[in-house]
Amino acid sequence: MSAISQKIRKNIENITELKQKIFSWRELDKEHLFSAIKEFEKAPRREVAVYYNDLFNDPKLAKTLLDIYSSHKDNTNLTVLIVSTIGNILQRYNLPETDEIYSFMLENAYKKYVGPYVAIFLPRMEHFAEYSDRWKYFMDVKEMAPRKVAHSSFETIIDLFYNKIPKEYKNEAKDYFLKKSEEADNQYGKKYYSDIAEKIR
């Protein structure tokens, strides 16, 4: 611990304290629970370093977050935070992907105001290879709300999987990017979208 910077040491202390609050979530009222998870969600999204591996790569933490979700399914904002927290730990800190985590993501894949955030992570999950109609889901993402997040998620998905688009969806995907290119208000945006459209053949 002595070899790391004061900033990282402080971050570890803060993250550890927030984790303990989350583990003791039943003792918190709704406001303090939301505040703790909101603050914790920033950490795996912001911090990427080996010093945090043991803090984030923790199945007990994921299980606790899923328990919190099960007790607060009607709280959309809290659900979004839990999706982001678990998703970022999966992608950045190699949290073991469980059936429970996958089921949680699937349960929220089409949920209003949550689905586009799920779409940031779900397509990269190992379990998703078994999803029965991947491309219908991918194309549905762009129609979800909030629209700005949905479009960003859809664009990332297509940029990742453009060479695997089934024939029946190619025109729809290409037209989306051509339209975005026309609507872009700067040359970088126009080129970004037109380049993706050009990849779809």
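**View 1. Helix 11, end to end and side to side.** In this predicted model, helix 11 covers residues 187-199, where a helix is a DSSP run of H or I with at least four residues, a strand is a run of E with at least two, and both are numbered from the N terminus. (The expected span is 1.5 Å times one less than the number of residues.) Now look at which residues hide: Gly189, Tyr193, Ile196 and Ala197 are the buried ones in helix 11. Buried means under 20% relative accessible area, exposed means over 50%, and partly exposed is in between, using a 1.4 Å probe and protein chains only. Seen down the axis, the buried residues of helix 11 fall within an arc of 105°, so they line one face of the helix; the arc is taken from the directions from the helix axis to the C-beta atoms. Gln187, Tyr188 and Lys191 are exposed on the other side of helix 11. The cover over the buried residues of helix 11 includes helix 9 and helix 10.

**A quick note on the numbers.** Residues are numbered from 1 along each chain as its sequence is written. Because this is a predicted model, local features need pLDDT of at least 70 and side-chain atom pairs count only at pLDDT 80 or more, while totals for chains, interfaces and linings use all residues; side-chain values use heavy atoms, leaving out hydrogens and water.

View 2. Helix 2 runs over residues 30-46. From its first C-alpha to its last, helix 2 reaches 25 Å with 17 residues, close to the 24 Å expected at 1.5 Å a residue. Its buried residues are Leu33, Ala36, Ile37, Phe40, Glu41, Ala43 and Pro44. They cover an arc of only 150° around the axis, which puts them on the same side of helix 2. Over on the other side, Glu31 and Arg46 are exposed. What do the buried residues of helix 2 pack against? The partners are helix 1 (6-23), helix 3 (53-56), helix 4 (59-71) and helix 5.

**View 3. Zooming in on Thr85.** Thr85 sits in helix 5, which covers residues 76-93. Is Thr85 buried or exposed? With a relative accessible area of 0%, Thr85 is buried. Leaving aside residues up to four places away in sequence, Thr85 touches Phe40, Glu41, Pro44 and Leu65; a contact means heavy atoms within 4.5 Å.

**View 4. The largest nonpolar core.** A nonpolar core is a set of buried Ala, Val, Leu, Ile, Met, Phe, Trp, Tyr and Cys residues joined through side-chain atoms within 4.5 Å. The largest one here has 63 residues, and Ile86 and Tyr137 touch the most other members. Helix 5 gives the most to this core, with nine residues. Not counting residues up to four places away in sequence, Tyr137 touches Ala109, Tyr110, Val118, Ala119, Leu122, Phe128, Tyr131 and Met144.

**View 5. Rings meeting rings.** The whole structure holds 17 aromatic pairs. Rings of Phe, Tyr and Trp (its six-membered ring) pair if their centres lie within 6.5 Å; planes under 30 degrees apart count as stacked, over 60 as edge-to-face and the rest as tilted. Take Tyr52 and Phe56: the ring centres are 6.2 Å apart and the planes are at 45°, so this pair is tilted. The rings of Phe154 and Phe177 have centres 6.0 Å apart and planes at 20°, so that pair is stacked. Phe154 belongs to helix 9 (residues 147-161) and Phe177 to helix 10 (residues 167-183), so the pair ties together parts that are 23 residues apart in sequence. Both Phe154 and Phe177 are buried. Ring pairs also link Tyr110, Phe128, Tyr131, Trp135, Tyr137, Phe138 and Phe161 into a cluster.

**View 6. Charges over rings.** A charge sits over a ring if NZ of Lys or CZ of Arg is within 6 Å of the ring centre and within 35 degrees of the ring normal. The charged end of Arg134 does this over the ring of Phe161, 5.8 Å from its centre. Lys142 lies over the face of Phe154, 5.2 Å from the ring centre.
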